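Hi,

Here's the structure I promised you.

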Amino acid sequence: MPDLAAFRASLDGDVFTPGSPGYEAIRRPINVAYWDVRPRLVVRCCSVDDVAATVAYAHAAGDRVALRSGGHCFAGRSSTDGIVLDLSGLDRISVDDHIATIGAGARLKQVYAALHARGRTLPAGCGPTVGIAGLTLGGGIGLLGRKYGLTCDRLVGAQLVLASGTIVDCDADREPDLFWALRGAGGGQFGVVTELRFATVPEPVAVRIEAHVGEAGVQDLVKAWQDWAPDAPDELTVNLTIDTEPLRATLFGASILDEAATRELLSELTELPVEVRAGLPYHQLKQTFEGIEQPGRRIRSEFFSRTMSGDTLAALLAETTGPRQLAFTAMGGAYNRVAEDATAFAHRNERFLLEHVGAAPWVERSWAIAHADGSGRVYPNFPDLALDDAPAAYHAGNLRRLAEIKAAYDPHRFFDFPQAI
Ligand SMILES: Cc1cc2nc3c(=O)[nH]c(=O)nc-3n(C[C@H](O)[C@H](O)[C@H](O)COP(=O)(O)OP(=O)(O)OC[C@H]3O[C@@H](n4cnc5c(N)ncnc54)[C@H](O)[C@@H]3O)c2cc1C
């Protein structure tokens, strides 16, 4: 076993072992489902050299390593009884000439705030504590995505520590295959990302959209939403959640059109009253949606490339085995104007994403009903251990190239987990 004291002394960051002060707080990921997983060590890295030293230590100790940035992974891939390599100490953010350089440990809330100070932003997700690294490596869907694409579509470069311990920079010219693979295949596959560089966009002033619909209107609204939301102008993203028992729907979203144009477009979707709040800087609009995090519950999901049949939708809404939430996210727009093989994110022809959230048996039943009309494709950031053919569902036609890149950069599968490439 390598010398732990010498390893600790070599670090800018710190090492936490069971029983040491701070261990209980740092070992737990955000997702409560994995709170009982107790790592042998948590290494809080504060520099790229710390990351390389941790990779070397894990090799010498023969330990499994789980990489953790925001700690939100639904499948527990950032937890292990071996070594958690925690990147939260690498969270510096700088902006130079509209390029943001962001440490892999930064959370979305920090990212939005730092970019706002420069009048810039990124199309990225809603959860304030979600890690920019995990989000980007698996894609990154959010309220500006129909206008500006996935978060990974704005990635222009990254620094990584490979399984060999080598530190590399990749972009369109340097290690281009690795750069391609980082954009949407999912985290933890090719190396430890320590820094991400993004082409930011101007921070828009946005219109916040919210509406609530009672049981009587839900089925018609879901039907209309499926036909309308994925084809709406790029500047308008309206998502839909359905809560069952009692059945009710919430529309929420953002527009970067003016208030009058937004209202006019919304009138094509519904005649029901919609609450519209104009004039919000985008980061402020994001804050108003922060309450929707629900870590720890079972989630299954699937993309849909066509509208669900009336029978499937009726069966889905009539399913009364238990309370659950159905979350519909509009795709289309800029997400789909990128070729399927241009980045590792293969799902460029989908109309919407549907998540089923709740207790396990109800989610299984709900997912199975909707699956009749689903495209069989699954968002890599929503990993699902129950899939029959996970590699095809996550990566579709990009799987072969990803497998070649995995073999080139991590031939001994140092970075490994169930469903890894
Ligand atoms: C409450 C909540 C809200 C969410 N909202 C959105 C949303 O709005 N849009 C959206 O697209 N997704 C959303 N997601 C899904 C989210 O994108 C994924 O859970 C994502 O993987 C989280 O990244 P993380 O860094 O927080 O998690 P982690 O658990 O730290 O990491 C996720 C995966 O990436 C790997 N990884 C982490 N850091 C690195 C690194 N530095 N280098 C290489 N691999 C690494 C991990 O090992 C793991 O496999 C949400 C999830 C939750 C729980």
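In what order do the 7 strands of the open sheet run? Going across, the order is 15-12-14-13-17-18-16, and the pairing is antiparallel. Strand 15 (275-281) and strand 16 (298-304) sit at the edges with a single partner strand each, so one side of each has no neighbour in the sheet. From one strand to the next, the twist averages 15 degrees. Keep in mind that this is a predicted model.

Further in, strand 17 (residues 324-330) and strand 18 (residues 352-358) pair in the antiparallel sense over 7 bridges. If you want a pair to click on, Ala327 has Glu355 in strand 18 as its bridge partner. Helix 12 (residues 360-371) packs on this sheet and touches strand 16, strand 17 and strand 18. The direction of helix 12 makes about 10 degrees with that of strand 16.

Now the ligand. There are 32 residues around it, and Leu67, Ser69, Ser78, Ile141 and Tyr379 come nearest. Some backbone atoms also sit by its oxygens: a backbone N or O atom of Leu67 lies 2.7 Å from an oxygen atom of the ligand, while for Gly70 and for Cys73 the distance is 2.9 Å. Taken alone, the ligand exposes 950 Å², and the protein buries 93% of that.

Which elements give two or more residues to the shell around the ligand? Those are strand 3 (65-68), helix 5 (132-138) and strand 10 (192-199), with helix 5 providing the largest share, 4 residues. By class, the shell has 15 nonpolar, 14 polar and 3 charged residues.

Cheers

Conventions. Residues are numbered from 1 along each chain as its sequence is written. This is a predicted model: local features need pLDDT of at least 70, side-chain atom pairs count only at pLDDT 80 or more; totals for chains, interfaces and linings use all residues. Side-chain values use heavy atoms; hydrogens and water are left out. A residue is near a molecule or strand if one of its heavy atoms lies within 4 Å of it. A polar contact is a pair of N or O atoms within 3.5 Å; within protein, one must be able to donate a hydrogen and the other to accept it, and residues adjacent in sequence count only if both atoms are side-chain atoms. Accessible areas come from the Shrake-Rupley method with a 1.4 Å probe; for residues, only the protein chains shown count as cover. Ala, Val, Leu, Ile, Met, Phe, Trp, Tyr, Cys and Pro count as nonpolar, Asp, Glu, Lys and Arg as charged, and the others, Gly among them, as polar. Two strands pair if DSSP finds at least two bridges between them. Axes are lines fitted to C-alpha atoms, for helices over the stretch in contact, and angles run from 0 to 180 degrees between N-to-C directions. Contact means heavy atoms within 4.5 Å.
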